[in-house]
Amino acid sequence: MDRIEAMDIVAAARGDAAAITGPGVNSGLLYARADAPATIYNMDMGYATAIALGIALARPDRKVLAIEGDGSFFAGAAVLSTIWRMRPENLAVAVLDNEVWGTGEGTEPTATGSGADIAGLALASGWDADHVHSAADPNEVADRMGTAMESPGPHLVVCKTDTSRDMPSSPDRPVPRRHQLDCAVLMRAELSGDS
Amino acid sequence: MTGDAEGAAGALLRGALRAGVDACVYLPDSVLFGTIRAFRASGEVLMVPCAREDEGIAVAVGLDLGGRNPVCMMEASGLGYSGLILARAQVQRTPVTILASHTAGGGEPMDYHGATRLLSDGVFRGLGIPFEIATGFDGLEDQMFRAVQTARGQRTCFGLLLPPHVMRGAC
């Protein structure tokens, strides 16, 4: 499974969830597949999941989805302990784990490229195993994303991908066509019912 | 805690509640622990302990987006981790009111707070985030109210820095 296939699955599973995406190409890919007003793209490295946690705590009636690459997620991985401490049932976190940083040439191995295990980190942070999912097969990822979006969470889905269709830094990479400020304004309006 | 220290914590709580604060993201701190306890005991504030201060500010940004009115409490050392997420909060106009202990001003006798006191004012000043330094607990309730009021009204982060002598009732 490559990144494009993985994002196709994650985007299809989104439904009406509020979503926060991490930095890089995942944001452009989600924008092209499942844009919605309640979306903040290109959250700075390490913070997409923490912001999603805050939204989930504020709006327990609304599903919230964080989408991060493994490099960004690992940079803020301490949030795993906070998520499990607070246990918002409406939060799902999808990590697209290709084991390289997606910036520059996209070849520098990340922590998971050196053996780190994000799902294992969640378990070591106290998560129950039935809330932690890791898969590399598209059908299995789709199944786990369905569980994450439809059953009480929090859920963590680690989507292991290869780098065959990764897109190194380039002006040709897909990007969201919405300013960060506008994203926040739309998110707030959507969540408050003022949109 | 001395009676004066309890008074300072109570003043901050009253000011926060007057301003509509309903969530608090925090990391425990030797200066602010009484205030954290007071907020928790109020039963009116969602309390979210976090693992890192920058993570806490990110959680508070999410709480704001979801319609809550959060404050963050931390030792100012945590502001040193938080430059990027504070900058993002400013860019996207998602206000967070921050209560942080220690300042670059007087009343900081401990050498191990040396880096912390340099960070506190410096991070706010560098990012253009408005901040005030409490000088005593007379008027602290109103100062807290105004900090939140300004953060919400202007959609900017706002810092209220609390020297140890203010919070320990040794003014």
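The model is predicted. The contact involves 27 residues of chain A and 28 residues of chain B.

**Polar and charged pairs across the interface**
- Two salt bridges are found by the rule between chain A and chain B.
- In a salt bridge, the side chain of A:Asp44 meets that of B:Arg88, at 3.2 Å from N to O.
- Nine residue pairs across the interface of chain A and chain B are in polar contact, both residues being at pLDDT 80 or more.

**The side of chain A that touches chain B**
- At least two residues of this side come from each of α3 (48-58), α5 (79-86) and α8 (180-192) of chain A.
- α3(A) gives the largest share, seven residues.
- By class, the residues on this side of chain A are 18 nonpolar, five polar and four charged.

**Helix α1 of chain A**
- Helix α1 spans residues 3-13 of chain A, and its buried residues are A:Arg3, A:Ile4, A:Ala6, A:Met7, A:Ile9, A:Val10 and A:Ala11.
- An α-helix has 3.6 residues a turn, so residues three or four places apart point the same way.
- The cover over the buried residues of α1(A) includes helices α2 (25-34) and α7 (138-150) and strands β3 (64-69), β4 (91-97) and β6 (155-160), of chain A.
- At the N-terminal end, A:Asp2 caps α1(A), with a side-chain oxygen 3.0 Å from the backbone nitrogen of A:Ile4.
- A:Gly15 follows α1(A) and has a positive phi, near 60 degrees.

Conventions:
Residues are numbered from 1 along each chain as its sequence is written. Chains are lettered from A and ligands numbered from 1 in the order in which they are written. This is a predicted model: local features need pLDDT of at least 70, side-chain atom pairs count only at pLDDT 80 or more; totals for chains, interfaces and linings use all residues. Side-chain values use heavy atoms; hydrogens and water are left out. Buried means under 20% relative accessible area, exposed over 50%, partly exposed in between (1.4 Å probe, protein chains only). Helices (H or I, at least four residues) and strands (E, at least two) are DSSP runs, numbered from the N terminus. Contact means heavy atoms within 4.5 Å. A polar contact is a pair of N or O atoms within 3.5 Å; within protein, one must be able to donate a hydrogen and the other to accept it, and residues adjacent in sequence count only if both atoms are side-chain atoms. A salt bridge is a side-chain nitrogen of Lys or Arg within 4 Å of a carboxyl oxygen of Asp or Glu. Ala, Val, Leu, Ile, Met, Phe, Trp, Tyr, Cys and Pro count as nonpolar, Asp, Glu, Lys and Arg as charged, and the others, Gly among them, as polar.
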